[in-house]
Amino acid sequence: VQLQASGGGLVQAGGSLRLSCTASEGTLTYYNMGWFRQAPGKEREIVATHTWSSGSTYYPDSVKGRFTISRDNAKNTVDLQMNSLKPEDTAVYYCAAGIPHLTDSGEYDYWGQGTQVTVSS
């Protein structure tokens, strides 16, 4: 599976962006999907996950209520809608796909190249 993330950019605080993760090869249907971010000098952190079998989602408190992950199996994409953006959301955002029983322990096998999100105050 080869992943391509897109949709990043510069936005003012309070604005919105929609990131998209597309598989150029392979299908995402049976993978659990995740969006992660890494800010300069900080560790990578998870911002959203989507479980393929149940459709359940997870968000950390830092983005809960503002970010929404969604999957379109027909288009082979997984999107991240980000609303009410804050300067602290500034980071490189990555999408990732993982085999279900491995993502339970945080292991994702396939990663996109990352897309920069910058939120100005």
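Start at Q81. Q81 touches S16, L17, R18, R66, F67 and T68, leaving out residues up to four places away in sequence. Contact here means heavy atoms within 4.5 Å. This is a predicted model: local features need pLDDT of at least 70, side-chain atom pairs count only at pLDDT 80 or more, and totals for chains, interfaces and linings use all residues. Residues are numbered from 1 along each chain as its sequence is written, and side-chain values use heavy atoms, with hydrogens and water left out.

The side chain of Q81 makes a polar contact of 2.9 Å with that of R18. Another, of 2.9 Å, joins the side chains of Q81 and N83. By polar contact I mean a pair of N or O atoms within 3.5 Å; within protein, one must be able to donate a hydrogen and the other to accept it, and residues adjacent in sequence count only if both atoms are side-chain atoms.

Q81 lies in strand 8. Strands are DSSP runs of E, at least two residues, numbered from the N terminus. Strand 8, residues 77-82, pairs with strand 7 in the antiparallel sense over six bridges. Pairing requires at least two DSSP bridges between the strands. I69 stands opposite L80 in strand 8.

Four strands form an open, antiparallel sheet in the order 1-3-8-7. Strand 1 (2-6) and strand 7 (67-72) are the edges; each has a single partner strand, so one side of each lacks a neighbour in the sheet.

Next, the core. The largest nonpolar core has 28 residues, and W35, F67, L80, M82 and Y93 have the most contacts inside it. Such a core is a set of buried Ala, Val, Leu, Ile, Met, Phe, Trp, Tyr and Cys residues joined through side-chain atoms within 4.5 Å. Buried means under 20% relative accessible area, exposed over 50%, partly exposed in between (1.4 Å probe, protein chains only).

Last, charges. Which residue forms a salt bridge with E45? R37 does, with the closest N and O atoms 2.6 Å apart. The cut-off is a side-chain nitrogen of Lys or Arg within 4 Å of a carboxyl oxygen of Asp or Glu. E45 is partly exposed, at 33%. R37 is buried, at 5%. D89 also bridges to R37, at 2.9 Å, N to O. D89 lies in the loop between strand 8 and strand 9 and R37 in strand 4, so the pair ties together parts 52 residues apart in sequence. D89 meets R66 too, at 2.7 Å. Shared partners join R37, E45, R66 and D89 into one network.
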